[in-house]
Amino acid sequence: MWKENLTALKTIVRREWIRIIRIWVQTLIPPVITMALYFLIFGELVGRQIGKIGNFTYIEFIVPGLIMMSVITNSYNNVVSSFFSSKFQKNIEELLVSPTSPYTIVLGYTFGGVVRGLFVGILVTLTSLFFTNLQFQHPIIIFFTVILTSILFSLGGFFNALFAKKFDDVTIIPTFILTPLTYLGGVFYSVKNLPEFWQTVSYLNPILYMVNLFRYGFIGITDVNLIFSLSFILFLSVLLFLLNVRLMKIGYGIRN
């Protein structure tokens, strides 16, 4: 049984990779162009007016957050669009009638989202080198943060796709929840510069912890506790994975 599920897992991930590469003009180029504009406008033009944050230029401060933003949005969007398309076209039923377990299905689509998130993250990182010299002070922190974050938001995309009944439902959470949380997650500022009340509100935003962890990996400064942040991301990932598997087992959003 495990051999069949391993084959199914490889097949799903391979299919997702082929899908990403086949429509690379839509999946890879737009986020790179968007982040390049962010680097140019906020990093270079606005950053010259802001000056330094601590011992770092403004573009050095925001680059890790912008890379993380691209990883989050692309991991999420890949899974929500791919799985919902499978639901809409009814080909997900082929998986459901096969010996493939719900665990394998969730993992397969999640890994597909991770592949796109990491690939885009690498491209954006390479693009940032045209604007600033990146530091990699804590590469292990960078690695674990980007992997866990990509997994978490891939699972979030899967969860969204399960509940989506029409194509409009696919864009509601990214537009009205994910985007505001990302922009308010400390990408462009240090939370310590906010008034006390808004600092407290900001600490309720999970993306704040991911951005600060990632920034710490590059330049060694953070507004949050590192151990708590990693544990928090891991906890959310496990919880969302088990929830997705449970929903798949009962066929929620697929059979009803």
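Residues 170-191 are 64% helix and 0% strand, with the end C-alpha atoms 30 Å apart; helices (H or I, at least four residues) and strands (E, at least two) are DSSP runs, numbered from the N terminus. The model is predicted, so local features need pLDDT of at least 70 and side-chain atom pairs count only at pLDDT 80 or more, while totals for chains, interfaces and linings use all residues. Residues are numbered from 1 along each chain as its sequence is written, and side-chain values use heavy atoms, with hydrogens and water left out.

Over residues 106-131 the chain is 88% helix and 0% strand, and 38 Å separates the end C-alpha atoms.

In total, the protein chain comprises 11 helices and two strands. From the N terminus, the order of elements is α-α-α-β-β-α-α-α-α-α-α-α-α. The C-alpha trace spans about 60 × 40 × 35 Å along its principal axes. Buried residues (under 20% relative accessible area; exposed is over 50%, partly exposed in between; 1.4 Å probe, protein chains only) make up 50% of the 256 residues.

Two salt bridges are present in the structure, each defined as a side-chain nitrogen of Lys or Arg within 4 Å of a carboxyl oxygen of Asp or Glu. One joins R15 to E16, with the closest N and O atoms 3.7 Å apart; R15 is partly exposed at 35% relative accessible area, whereas E16 is buried at 1%. D169 forms a salt bridge with K166 at 3.4 Å between the closest N and O atoms. Here D169 is buried, at 15% relative accessible area, and K166 is partly exposed, at 45%.

D223 lies in the loop between α10 (206-219) and α11 (226-250). This residue is buried but has no salt bridge, the nearest side chain of opposite charge being K192 at 4.2 Å; Lys and Arg count as positive and Asp and Glu as negative, with His and the chain ends not counted. The D223 side chain makes a polar contact with the side chain of S190 at 3.1 Å and reaches the backbone nitrogen of V191 at 3.1 Å. A polar contact is a pair of N or O atoms within 3.5 Å; within protein, one must be able to donate a hydrogen and the other to accept it, and residues adjacent in sequence count only if both atoms are side-chain atoms. Beyond its neighbours within four places in sequence, D223 is in contact (heavy atoms within 4.5 Å) with S190, V191, K192, Y203 and N212.
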